[in-house]
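This report goes through a pocket, some strands and the salt bridges of one protein. Look at the structure first, then read on.

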Amino acid sequence: QKKVKALQVELYGEWTMEQAKKWREIGISQVVYHQSRDALLAGEVWGEKDLKLVQQLIDLGFQVSVTGGLSISTLALFQGMPIFHFIVGRGLTACADPTIQAQAFQNEIKRLWGE
């Protein structure tokens, strides 16, 4: 039986950078920054506020994954940032051909970050 090696925190809703610092201090190394569906439905889009928080988490030493309303064009906002994973849900499942869409995401990631 394999042992759990890491704890990952999904940042959804209310949290503070002070909490994130404490999580990092106790050895949590991965976080998922989640743009909420409620925010997206309210017309919010990925922007400077989100990018600033993601960069602060990276600066604390976290491997940061991002999710929530991602599209192929959204990926360019994160160019130059060492994003650990892009987690895409509806961006694939809502497509007529999720396989083609997944490949398009992969191609854009390779274009922006290289092989």
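## The largest pocket

In this predicted model, the largest pocket has a volume of about 190 Å³. It is lined by 13 residues, and those closest to its centre are T67, G68, G69, G89 and R90.

By residue type, the lining of the largest pocket consists of 7 polar, 4 nonpolar and 2 charged residues.

## Strand β3 and its partners

β3 pairs with strand β2 (residues 30-34) in the parallel sense, over 5 bridges. Within this pairing, V64 in β3 stands opposite V31.

β3 is also joined to strand β4 (residues 85-87), by 3 bridges, and these two strands run parallel. Here T67 has I87 of β4 as its bridge partner. T67 is also among the residues closest to the centre of the largest pocket.

## Salt bridges

How many salt bridges are there? The count comes to 2.

One is formed by E18 and K21, with the closest N and O atoms 3.3 Å apart. Both residues belong to helix α1 (residues 17-25), and because they are 3 residues apart there, about one helical turn separates them. E18 is partly exposed, at 47% relative accessibility, and K21 is partly exposed at 33%.

Another links the side chains of R111 and E108, at 2.9 Å from N to O. In helix α5 (residues 98-113), R111 and E108 are 3 residues apart, so they too are separated by about one helical turn. R111 is exposed, with a relative accessible area of 57%, whereas E108 is buried at 13% relative accessibility.

Conventions:
Residues are numbered from 1 along each chain as its sequence is written. This is a predicted model: local features need pLDDT of at least 70, side-chain atom pairs count only at pLDDT 80 or more; totals for chains, interfaces and linings use all residues. Side-chain values use heavy atoms; hydrogens and water are left out. Two strands pair if DSSP finds at least two bridges between them. Helices (H or I, at least four residues) and strands (E, at least two) are DSSP runs, numbered from the N terminus. On a 1 Å grid over the protein atoms alone, a cavity is a set of points where a 1.4 Å probe fits but cannot get out, and a pocket is an open set with protein on both sides within 12 Å along at least five of seven lines; lining residues have an atom within 4 Å of a point. Grid points are joined across faces, edges and corners, and a volume is the space filled by probe spheres set on the points. Ala, Val, Leu, Ile, Met, Phe, Trp, Tyr, Cys and Pro count as nonpolar, Asp, Glu, Lys and Arg as charged, and the others, Gly among them, as polar. A salt bridge is a side-chain nitrogen of Lys or Arg within 4 Å of a carboxyl oxygen of Asp or Glu. Buried means under 20% relative accessible area, exposed over 50%, partly exposed in between (1.4 Å probe, protein chains only).
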